[in-house]
Amino acid sequence: MGDWSKDDEETGAEIIQYFKDIFTFEEPQGIDDILNDIPQSITNVKNKQLTSPVTEQEVHRPVFSMHPSKSPGPDGITHIFFQKFWSVIKMDLINAIQSFFHSGNLLRAVNETLICLIPKVYSPVNVMQF
């Protein structure tokens with residue numbers, strides 16, 4: 001059994017460390033030999049489609065399929081902002097998405113999430129009980 005956290009900062013650090021531990025992985029060893037035995041299933045045509053630049057339609061579809069007032073981001077902005085101001089922001093949004101697919105780099109702020117811990121037991125006493 002561990003020690004009690006003394007304040008919100010210590011509790012937050014404990015929770016972050018717990019989830020980092022369970023969602024972090026080590027690179028597997030000897031994976032190349034295994035991958036060499038897996039037959040290629042993506043054709044050159046399909047690969048070209050998968051690696052082509054993201055289109056406006058591919059960004060528009062998910063933006064407008066989301067409920068306008070659900071799931072706000074950490075800044076409080078809901079999907080209605082993107083839907084209502086689509087004509088103003090679409091090129092910036094498309095360029096940002098295309099940049100991610102080209103470079104593989106994503107701004108930390110874009111991937112920020114709010115997490116609500118839901119207890120698995122009536123009176124949780126450690127992070128594993130959330």
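Start with the aromatic rings: six pairs turn up when rings of Phe, Tyr and Trp (its six-membered ring) are paired if their centres lie within 6.5 Å, with planes under 30 degrees apart counted as stacked, over 60 as edge-to-face and the rest as tilted. Helices here are DSSP runs (H or I, at least four residues), numbered from the N terminus.

A word on what you are viewing: this is a predicted model, in which local features need pLDDT of at least 70 and side-chain atom pairs count only at pLDDT 80 or more, while totals for chains, interfaces and linings use all residues. Residues are numbered from 1 along each chain as its sequence is written, and side-chain values use heavy atoms, leaving out hydrogens and water.

Is Trp 86 buried or exposed? Trp 86 is buried, with a relative accessible area of 8%, whereas Phe 64 is partly exposed at 35%. The cut-offs are under 20% for buried, over 50% for exposed and partly exposed in between (1.4 Å probe, protein chains only).

Next, select Phe 81 and Phe 82. They form an edge-to-face pair, 5.4 Å centre to centre with 85 degrees between the planes. Phe 81 is partly exposed at 33%, and Phe 82 is partly exposed too, at 28%. Then pick Tyr 18, Phe 19 and Phe 23, which ring pairs link into a cluster.

Together with Ile 77, Ile 80, Phe 85 and Val 88, Phe 81 forms a nonpolar patch with about 430 Å² of accessible area. Patches take residues with over 30% relative accessible area and no salt bridge, joining like charges within 9 Å and nonpolar side chains (Val, Leu, Ile, Met, Phe, Trp, Tyr) within 5 Å. A salt bridge is a side-chain nitrogen of Lys or Arg within 4 Å of a carboxyl oxygen of Asp or Glu. Areas come from the Shrake-Rupley method with a 1.4 Å probe. Val 88 sits in helix H6 (residues 86–103) and is exposed at 62%.

For a charged patch, select Asp 3, Asp 7, Asp 8, Glu 9, Glu 10 and Glu 14, which gather as negative charge on the surface. Glu 10 belongs to helix H1 (residues 8–23) and is partly exposed at 32%.

Last stop: Pro 119, in the segment after H6.

Terms used. Lys, Arg positive; Asp, Glu negative; His and termini not counted. Charge placed at Lys NZ, Arg CZ, Asp CG, Glu CD. Helix = DSSP H or I, 4+ residues; strand = E, 2+ residues; numbered from the N terminus.
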